[in-house]
Amino acid sequence: MKYVKVGIVGANGYSGAELIRLLLQHPYASIEVLISNSTTGSLLTEQYPQFQDIIHMKLDTFNINEIASRVELLFFATPSGVANKIIPLCLEKGIKCIDLSGDFRLRNGDDYVHWYGFEHENVEYLSKAVYGLAEYNEEKIRNSQLIANPGCFPTATLLGLLPALQGEWIDPNSIIIDGKTGVSGAGRKPKVGSLFSEVNENVNAYKIGHHQHIPEIEQSIFDVTGNKVNISFTTHLIPMTRGIMCTMYTKLVKKGTIDEVHQYYEDIFKDSEFVRVRPIGNIPATKEVYGSNYCDIGLYVDERTDRLIIVSVIDNLVKGASGQAIQNMNLVNGWDRSAGLASAPIFP
Ligand SMILES: NC(=O)C1=CN([C@@H]2O[C@H](COP(=O)(O)OP(=O)(O)OC[C@H]3O[C@@H](n4cnc5c(N)ncnc54)[C@H](OP(=O)(O)O)[C@@H]3O)[C@@H](O)[C@H]2O)C=CC1
Ligand SMILES: CC(=O)N[C@@H](CCC(=O)OP(=O)(O)O)C(=O)O
């Protein structure tokens, strides 16, 4: 099997480093180029000593003419507002691009000003991007040159919620999503809100009503089910390093026992190697997917309130970012879906 030469723009960030870790164990991809910004010129091991004697590479500046002949596929693990400017240059050179940022997830260019706070510079490319939720978009992803990798919260939310909507088990206008995340979700760039003394022994609700993942989740619900919904979505920062838990409260509209709903979920995900529907009565915890590409889903039918409560957990850096990006790379190249991703979660 031929190796595909890949590069990472934003290699010095948390999701960039996680891409490196996962790509090192990938059977068909070889890392050829690492690009960073303020740390350009340094060795990767100066930034991340864990890679000593494993990978010896320098962090370079982005120069499309210089890298075009060296890579066939680029991952963008850059802050929002960066990839929209440079991905079109890469596409013109025939490089496949997988963007881990939000820059190509929304179809409506005007939404970027409202939800992300920047003006998108290449709105004509938004319709060329395929949303990389692999479990729902596999065929389109296989044939795409530009993949918008889903956000971490949308990944956990959509995998947990879409079957309930597809099966018309719940009222689409009743959805409340309570999201919790570890601090690595905010990236490696230092900020006050990520300091140990701010996060430790604390829980903090943030971006209520204006989180950038709201339009992404609503857009995907529409694409898969045709439902135009307005969700209530609140995220909380909690004192852990990795992990996302989304607990979703929904009103049941179809009389169904937990056995029926559970069977419906199992049928939807029977061929998805990275979604595990937990047995009835078993609710997943974030540590049970730590370091892995799994999304685990637990279901509870509350007969007292007629609600279906769905709990979905992922590792934000793996299934929520770099693992899912590699899952998409596997589809684009026609490889095994789980190539390089088959490892079990780390526990405890
Ligand atoms: N962390 C997570 O759990 C998840 C992150 N994402 C998304 O992935 C992207 C990366 O996130 P994360 O790894 O956390 O971020 P980090 O802040 O940890 O890293 C950002 C990286 O981008 C580089 N960078 C910054 N500006 C530029 C630029 N203009 N040109 C090239 N490189 C640049 C930085 O380089 P340097 O350090 O040298 O300045 C650094 O390598 C974000 O868009 C984020 O929203 C998505 C899902 C989950
Ligand atoms: C803890 C923390 O701040 N998490 C970030 C995760 C965002 C992210 O990963 O960015 P994308 O929009 O590119 O998906 C947040 O909630 O905004």
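Two residues are in contact if their C-beta atoms, placed from the backbone, lie within 7 Å. This tour concerns a predicted model, in which local features need pLDDT of at least 70 and side-chain atom pairs count only at pLDDT 80 or more, while totals for chains, interfaces and linings use all residues. Residues are numbered from 1 along each chain as its sequence is written, and chains are lettered from A and ligands numbered from 1 in the order in which they are written.

**The two domains**

Select residues 4-128, which form domain 1, and then 153-316, which form domain 2; such bounds come from an automatic or database domain assignment. Their centres, taken over C-alpha atoms, are 27 Å apart.

**Where the domains touch**

Across the boundary, 9 residues of domain 1 are in contact with 7 residues of domain 2. Next, select residues 111-116, helix α5, which contributes the most to this side of domain 1, with 3 residues. Helices here are DSSP runs (H or I, at least four residues), numbered from the N terminus. The side of domain 1 that touches domain 2 comprises 4 nonpolar, 2 polar and 3 charged residues. In this classification, Ala, Val, Leu, Ile, Met, Phe, Trp, Tyr, Cys and Pro are nonpolar, Asp, Glu, Lys and Arg are charged, and the others, Gly among them, are polar.

**Around ligand 1**

Now select ligand 1 and the 32 residues around it, of which Gly10, Asn12, Gly13, Ser101 and Gly187 come nearest. A residue is near a molecule if its C-beta atom, placed from the backbone, lies within 6 Å of it. Domain 1 and domain 2 each provide at least three residues of this shell. Colour helices α1 (14-23) and α11 (318-332), each of which supplies at least two shell residues; the largest share, 3 residues, belongs to α1. Coloured by class, the shell shows 12 nonpolar, 18 polar and 2 charged residues.
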